[in-house]
Amino acid sequence: ASSNEAGVPHLDEEYLTLSTIHSAKGQEWKSVHVLKCVDGCIPSDMSTGTLEEIEEERRVLYVAMTRAKDHLALMLPQRFYTRQQGAAGERHVYASKSRFLTDEVCRHLDAETWPSAPPRAQPIASHGARVDLVAQFRETWRRTAK
């Protein structure tokens, strides 16, 4: 159901609340996920002109982090898809973690990567024999073309 059609949830019903950080002031949830904890988003590029603006952005992140009762997840995407790039662009911009998430702060957090990195494959030992795959494909192509 959507908007007003959903009705009031029952006490034992699971539901999700999407909120901005600013509208979350004074509220609490069991679990809070803060998205895009990277420079450019937290703090916003639009709010880094003065030290006062940067400190206000730090307080905003503090508000977001203190809304969680039991579980807090700070999401740091490695890169973003962008629509502003030209046709030849990669269409991704790499991000760095928020300047507010210093090494001292991160020591108090558990780092988790998703998806989990696959185990590193062991290099295949070379036996010295080289195979010319291009020549093999050419020969196969010639035989099937006749």
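Helices (H or I, at least four residues) and strands (E, at least two) are taken here as DSSP runs, numbered from the N terminus. On that basis, the elements of the protein run β-α-β-β-β-α-α from the N terminus on, which gives three helices and four strands. The structure is a predicted model, in which local features need pLDDT of at least 70 and side-chain atom pairs count only at pLDDT 80 or more, while totals for chains, interfaces and linings use all residues. Residues are numbered from 1 along each chain as its sequence is written, and side-chain values use heavy atoms, with hydrogens and water left out.

We can begin with the overall surface. Accessible areas come from the Shrake-Rupley method with a 1.4 Å probe, and for residues only the protein chains shown count as cover. The accessible surface of the protein comes to about 13,000 Å², and carbon and sulfur atoms hold 54% of this area. A residue is called buried under 20% relative accessible area, exposed over 50%, and partly exposed in between (1.4 Å probe, protein chains only). Of the 146 residues, 15% count as buried. Contacts are heavy atoms within 4.5 Å. Among the contacts with a separation of 6 or more, 62% are between residues 24 or more positions apart.

Turning to the interior, a nonpolar core is a set of buried Ala, Val, Leu, Ile, Met, Phe, Trp, Tyr and Cys residues joined through side-chain atoms within 4.5 Å. The largest such core has ten residues, namely V32, V34, C37, I42, I54, L61, A64, L74, F100 and L101. Two elements, β1 (29-34) and α1 (51-65), each give two or more residues to this core, and the largest share, three residues, comes from α1. In soluble globular proteins, nonpolar side chains tend to be buried together.

K36 counts as partly exposed, at 40% relative accessibility. P43 is found in the loop between β1 and α1 as well, and the peptide bond from I42 to P43 is cis, with omega near 0 degrees. For comparison, most residues other than glycine have a negative phi, and most peptide bonds are trans. S47 is also found in the loop between β1 and α1. With a relative accessibility of 18%, S47 counts as buried, and beyond residues up to four places away in sequence, S47 touches E53, I54 and E57.

The cysteines come next. A disulfide is a covalent bond between the sulfur atoms of two cysteines, and the cut-off used here is a pair of cysteine sulfur atoms within 2.5 Å. The structure holds zero disulfides. For C37, the nearest cysteine sulfur is that of C41, 8.9 Å away. C37 counts as buried, at 0% relative accessibility. For C106, the nearest cysteine sulfur is that of C37, 9.9 Å away; C106 counts as partly exposed, with 27% relative accessibility.

Because E55 and R58 are three residues apart in helix α1, they are separated by about one helical turn. E55 is partly exposed at 34%, and R58 is partly exposed at 37% relative accessibility. R59 pairs with E56 in another salt bridge, again with the closest N and O atoms 3.2 Å apart; R59 and E56 are likewise three residues apart in helix α1, so about one helical turn separates them. The side chains of K97 and D103 also meet in a salt bridge, at 3.7 Å from N to O. Here K97 is partly exposed, with a relative accessible area of 37%, whereas D103 is exposed, with 57%.

Finally, the surface carries a nonpolar patch. Patches are made of residues with over 30% relative accessible area and no salt bridge, with like charges joined within 9 Å and nonpolar side chains (Val, Leu, Ile, Met, Phe, Trp, Tyr) within 5 Å. V131, L133 and F137 form one such nonpolar patch, with about 340 Å² of accessible area together. F137 lies in helix α3 (residues 133-145) and is exposed, with a relative accessible area of 59%.

Conventions. A salt bridge is a side-chain nitrogen of Lys or Arg within 4 Å of a carboxyl oxygen of Asp or Glu.
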